[in-house]
Amino acid sequence: MEKVDLIATATFGLEAVVADELKALGYDDLKIENGRVIFSADLSAICRTNLWLRTADRVRLKVGEFRATTFDDLFEQTKTLPWADIIPDGATFPVDGKSVQSTLFSISDSQAIVKKAVVESLKKRYKTEWFKEEGPLYRIEVSILKDIATLTIDTSGAGLHKRGYREAGSEAPLRETLAAAMLLIARWQPHIALIDPFCGSGTIPIEAAMIGQNIAPGMNRNFVSEQWSLIPKELWHEARRETHEKADYNRELDLSGTDISDKSIKIARKNAAEAGVEDMIHFQVRPFSELSSKKKYGKIICNPPYGERLGNLKEVERLYSGMRKTLKKLDTWSYYILTASENFEKLFGKKASKRRKLYHGNIKVHYYQYFGPRPPKPTI
């Protein structure tokens, strides 16, 4: 089957997590760069990666890459790329753009040049002077970084964080891709009890339920490239069949989500129902100070208020200062806490076992990881 170059884009800090996901799907020819993982695979990978990647933002089809320091460079080299092999006559093909540390800094001009070059390229194949653009969407992006232009087409449509289950959200909702990344970085496994004591709209426990039962995150949504003539329909049918075959709906999980807000818990339950995992998660209105569990070992994975976005900073600092006292009730558990606070360890009163810088939207955050004791190995 024909090989193509693909790019899985990612939030800064999650590139290695996305790479691990790609390896688990069987794609080993990887190159990790800032904000993206580049890999080569056959056309079926477009279907499978869109359906299965939990932490990537999008999957892009790479059409070409070259150095461009003038608009003539950009136009002529874009025109030589095989656009007609991908984009059919009548398709819709808008152009987006971005430029970082490059001679061609005008994004609008770069977009216009690329659009003109693609039109000229398509004219040769389709022998027409006018394209109605009424058909399937092929959204082109020209990304220029340090004078290297990369031309891609988005295969996803809506971002991959749009799983289709979150119709409503609480304030400052945690993006689904970041929630999944928190679980994967924490090495949470389906046999491990999990509590999110600041669950908000329920994203972390819902993502855990989907991971625990091996439910593909894109199973219940559509992708723009499903309408592409480039990809045979049977590849999509086979990829979707795989998601159903690999799901393990009978696997039992111990997942809890609590929050002080009754409204948030109602939203969390609704979202879990939309995801089809409401029976897997115990949601409850409960203040953090009343956190408890009968389980000896487990993981607390949470995204408490930051102060920059919600409430008063002093209140948030008081919350952080009191967290260790509450968590001591579960002193054999591990804790994983995402916050924008640079002073969290000082307020919490203990240095993290590990700390990782991530991004929540445009906010720089830190993932503070506190490792508990290893559970004893079961006796035979």
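User: What do the buried residues of H1 pack against?

Analyst: They pack against strands E1 (3–9), E2 (30–33), E3 (36–42) and E13 (354–360), and against helices H2 (44–52) and H5 (176–185). The model is predicted, so local features need pLDDT of at least 70 and side-chain atom pairs count only at pLDDT 80 or more, while totals for chains, interfaces and linings use all residues. Residues are numbered from 1 along each chain as its sequence is written, and side-chain values use heavy atoms, with hydrogens and water left out.

User: What makes H1 a helix, and which of its residues are buried?

Analyst: Helices are DSSP runs of H or I with at least four residues, strands are runs of E with at least two, and both are numbered from the N terminus. H1 covers residues 15–24. Its buried residues are Glu 15, Val 17, Val 18, Ala 19, Glu 21 and Leu 22. After H1 comes Gly 26, with a positive phi near 100 degrees.

User: Why is Ser 121 called buried?

Analyst: Ser 121, in helix H4 (residues 107–126), has a relative accessible area of 10%. Buried means under 20%, exposed over 50%, and partly exposed in between, with a 1.4 Å probe and protein chains only. Ser 121 is therefore buried.

User: What is Ser 121 in contact with, leaving aside neighbours within four places in sequence?

Analyst: Contact means heavy atoms within 4.5 Å. With those neighbours set aside, Ser 121 is in contact with Lys 79, Leu 81 and Trp 83.

User: Is Lys 146 buried or exposed, and how do you know?

Analyst: Lys 146 has a relative accessible area of 53%, so it is exposed. The residue lies in the loop between strand E6 (140–145) and E7. Beyond its neighbours within four places in sequence, Lys 146 is in contact with Arg 67, Val 100, Gln 101 and Ser 102. Lys 146 and Arg 163 are 17 residues apart in sequence, and their C-alpha atoms are 34 Å apart in space.

User: What makes a set of residues a nonpolar core, and how many residues has the largest one here?

Analyst: A nonpolar core is a set of buried Ala, Val, Leu, Ile, Met, Phe, Trp, Tyr and Cys residues joined through side-chain atoms within 4.5 Å. The largest has 117 residues, and those with the most contacts inside it are Trp 83, Ile 87, Ile 140, Trp 188 and Ile 301. Leaving aside neighbours within four places in sequence, the contacts of Ile 140 include Trp 83, Ile 87, Phe 93, Val 114 and Leu 151.

User: How do you know how many disulfides there are?

Analyst: A disulfide is a pair of cysteine sulfur atoms within 2.5 Å. A search of the whole structure finds 0. For Cys 199, the closest cysteine sulfur is that of Cys 302, at 11 Å, which is too far for a bond. Cys 199 counts as buried, at 5% relative accessibility, and Cys 47 is buried at 0%.

User: Why do E2 and E5 stand at the edges of their sheet?

Analyst: The open sheet has 7 strands in the order E2-E3-E1-E4-E7-E6-E5, with mixed pairing. E2 and strand E5 (95–100) each have a single partner strand, so one side of each is left without a neighbour in the sheet. From one strand to the next, the twist averages 30 degrees.

User: What makes E4 and E7 a pair?

Analyst: Two strands pair if DSSP finds at least two bridges between them. Strand E4 (residues 58–67) and strand E7 (residues 148–154) are joined by 7 bridges and run antiparallel. The bridge partner of Leu 61 in E7 is Ile 153.

User: At what angle do H5 and H6 pack?

Analyst: H5 and helix H6 (residues 203–212) pack at about 65 degrees, with their axes 9 Å apart. Axes are lines fitted to C-alpha atoms, for helices over the stretch in contact, and angles run from 0 to 180 degrees between N-to-C directions. Among the residues that meet are Ala 179, Ala 180 and Leu 183 in H5 and Ile 204, Ala 208 and Ile 211 in H6.

User: Why is E12 called largely enclosed?

Analyst: In strand E12 (residues 334–339), 6 of the 6 residues are buried, so the strand is largely enclosed by the rest of the structure. Ser 334, Tyr 336 and Leu 338 are buried on one side, and Tyr 335, Ile 337 and Thr 339 on the other. E12 pairs with strand E11 (residues 299–302) in the parallel sense over 4 bridges, and 5 bridges join E12 to strand E14 (residues 363–370), running antiparallel.
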